[in-house]
Amino acid sequence: MEAQKSIKVECLTEEEAIDLFKEKVGETTLNSHPDIPQLAEIAAKECKGLPLALVTIGRAMAGKNTPQEWERAIQVLKTYPSKLSGMGDLVFPILKFSYDNLPNDTIKSCFLYLAIFPEDDEISYESLVLLWIGEGFFDECDNIYDAFNQGRDIIEHLKTACLFESGNSYDRVKMHDVIRDMALWLATTYSGNRNKIFVEENDIVEVHQVSKWKEVQRMYLSFSSMVESIMPPSFPNLATLILRSRGMETFPSGFFHFMPIIKVLDLSGTRITKLPIGIGKLVTLEYLDLSYTCLTELSTELKTLKKIRCLLLEGMSYLQMISKEAISNLSMMRIFALKFNKLILMMENASQSPREEEEPNYSREDNGALYLRKDNKALLEELEGLEHINWVDFTVEGALSFQKLSSSQKLKNVMRDLSLVNLEGMTLLRLPRMKHLRSLVIHSCGELQEIKVDQEREGGQGFVADYYHIPNSKFCCLCSVHIFQLPKLLDFTSLICIPSLEVLWVRNCESMEEVIGDVGEVPENLGIFSRLKSLHLYDLPNLRSISRRALPFPSLTYLMVEDCPNLKKLPLDSNSARNSLKGIVGELHWWEWLQWEDETIRFIFTPYHRIW
């Protein structure tokens, strides 16, 4: 049997695309009216560099000799490309070959799903995979971690098949515009179901637009405001609703009252300050994303959503309270995320003093509420009581809450992203074993002087064994560590016990003198920081050393240093980061005063220096 080969078709540059398009249109048509050459360039740009589309549409436009014909064609190409001559009967069927050769229906469903997002929209791997999980695409998986890994594998498969593209950062993905048009054609026109996917982007939603939504199954809506006089809409077939609105704080009364089969609701990034009225009626809901909203509390209405399996509350700057038992009543929940966004604000303003969050207002305390910013031990207890929970992203506030986490084997086993904040009175932090922990943030702990990592593994083996048996390590998944505003912390030598570390941020630790202190008993071939890709050091006035000995750094791409005036030497030699380094970023005066073992090493690394 002849092996099948996947061939990637590279997109042309804008200039190349215009030249190819004009070649297929022909000089006779281009010269038939002085406006047509410019219109031809506009049409060519709509093909986004895809040669097949350029050739097909260029040929279709040959002989169109009036500007009106070109303007109509451009409008169709922008709004309903499948209706343009050649797209639905030539371009899409050829591109469909890649879709038809996807291995199974699950991958095909995942591919079509991304078309629900607008043209040129990017989405993070994690957000997309969680949506797929919410839709039930991976229900056959034994656990949530297998499902998540399958989702990431599917993204890579679709990128290899040239059906997905990388976004502007390594962890984001998007569709080429023509591929997206083909996906919409497959999901609607080709399948005979024109109501499968509906995407609407408007500043204001008017009354007459609502009638178009009635039969829709999956819908993406982006708007600034909605006319209050809109009658409560009916969505009898709606299974997925993704809403984006930067202007609306509330929805019209009754907006959520009739969605009898809805499964996925994403309100992330909207400006809502309270749960929408009627959301408690969505008893079929399994996925709810309220991240980056302005909610101050989660009311008891949440309790009725007993089928919820995934509840996302990321970046909740204003959230102060959750009704008691609102979480413990969600007995089917498997994924829960609650994170505040102080870390994000600090990272976005890395060269400035961190902004302080507003102090929570507890002037109307309610005995039926859990107050998250004082101590969230009670919320951890509710999570601990959930039978099916196996994925938690959480911000632990206070020493009592941390003690609760440390004493609960179940909570430690399900913790995936963890932030530790305001551990008042604690001078020593002992991090317990958390086998699924992927990201760790520790900040605003004024008394903390020392951080220790649990080194012992079952069977009595220590951290050396962990390094040589990374899959069995206590922290085999932990790849990102951020520490901020720990004014009394002297070093973080226990980092050597985290073998999979890829990203390390250290900022505003005024007393820190060394990142890694004395590791004299650790063998030199152990591979400290062997997977570290980026190291960020900011506002560390007393930092003298990253490591007392040179490290190989075989994976290091970026080292970024700012306001570390006493860091006079880097742990680099002629063999460090030989095949991976892209840049060492720091002030010019700092770089010029660095001390090196010899001039050869300075000569090796000088080309990598970048100025802030």
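Arg602 and Glu599 are three residues apart in helix H18 (residues 599-605), so about one helical turn separates them; helices here are DSSP runs of H or I with at least four residues, strands are runs of E with at least two, and both are numbered from the N terminus. The side chains of Arg602 and Glu599 meet in a salt bridge, at 3.5 Å from N to O, where a salt bridge is a side-chain nitrogen of Lys or Arg within 4 Å of a carboxyl oxygen of Asp or Glu. Arg602 counts as partly exposed at 22% relative accessibility, while Glu599 is exposed, with a relative accessible area of 56%. Buried means under 20% relative accessible area, exposed means over 50%, and partly exposed lies in between (1.4 Å probe, protein chains only).

## Basis of the model and overall features

The model is predicted, so that local features need pLDDT of at least 70 and side-chain atom pairs count only at pLDDT 80 or more, whereas totals for chains, interfaces and linings use all residues. Residues are numbered from 1 along each chain as its sequence is written, and side-chain values use heavy atoms, with hydrogens and water left out.

The protein contains 18 helices and 26 strands, and buried residues make up 53% of its 612 residues. Of the contacts with a separation of 6 or more, 56% are accounted for by residues 24 or more positions apart, a contact being heavy atoms within 4.5 Å. The accessible surface comes to about 27,900 Å², and 48% of it belongs to carbon and sulfur atoms; accessible areas come from the Shrake-Rupley method with a 1.4 Å probe, and for residues only the protein chains shown count as cover.

## Other salt bridges

The structure holds 22 salt bridges. One of them joins the side chains of Glu122 and Arg172, at 3.6 Å from N to O. Glu122 lies in the loop between helix H7 (105-113) and strand E1 (123-124) and Arg172 in strand E3 (residues 172-174), so this pair ties together parts that are 50 residues apart in sequence. Glu122 is buried, with a relative accessible area of 18%, whereas Arg172 counts as partly exposed at 29% relative accessibility.

Glu23 also forms a salt bridge with Lys24, with the closest N and O atoms 3.8 Å apart. In this pair Glu23 counts as exposed at 56% relative accessibility, and Lys24 is partly exposed, with a relative accessible area of 25%. Elsewhere, salt bridges link Glu126, Asp393, Arg416, Asp417 and Arg438 in a network.

Five of the five residues of strand E6 (residues 218-222) are buried, so the strand is largely enclosed by the rest of the structure. In a regular strand the side chains alternate between the two faces of the sheet. Arg218, Tyr220 and Ser222 point one way from E6, Met219 and Leu221 point the other way, and all are buried.

Strand E4 (residues 197-201) pairs with E6 in the parallel sense over five bridges, and two strands are said to pair if DSSP finds at least two bridges between them. Within this pairing, Phe198 stands opposite Met219 in E6. E6 also pairs in the parallel sense with strand E8 (residues 240-244), over five bridges, and here Met219 stands opposite Leu241 in E8.

## Strand E14 and its neighbours

Strand E14 (residues 335-338) is covered on both faces, with Ile335 and Ala337 on one side and Phe336 and Leu338 on the other, all of them buried. Strand E12 (residues 310-313) runs parallel to E14 and is joined to it by four bridges, and Leu311 has Phe336 in E14 as its bridge partner. E14 pairs in the parallel sense with strand E16 (residues 391-397) as well, over four bridges, with Phe336 opposite Val392 in E16.

## Nonpolar cores

The largest nonpolar core has 117 residues, and those with the most contacts inside it are Leu241, Ile327, Leu537 and Leu570. A nonpolar core is a set of buried Ala, Val, Leu, Ile, Met, Phe, Trp, Tyr and Cys residues joined through side-chain atoms within 4.5 Å. Leaving aside residues up to four places away in sequence, Ile327 touches Leu302, Leu311, Ile322, Met333, Phe336, Leu379, Glu382, Leu383 and Leu386.
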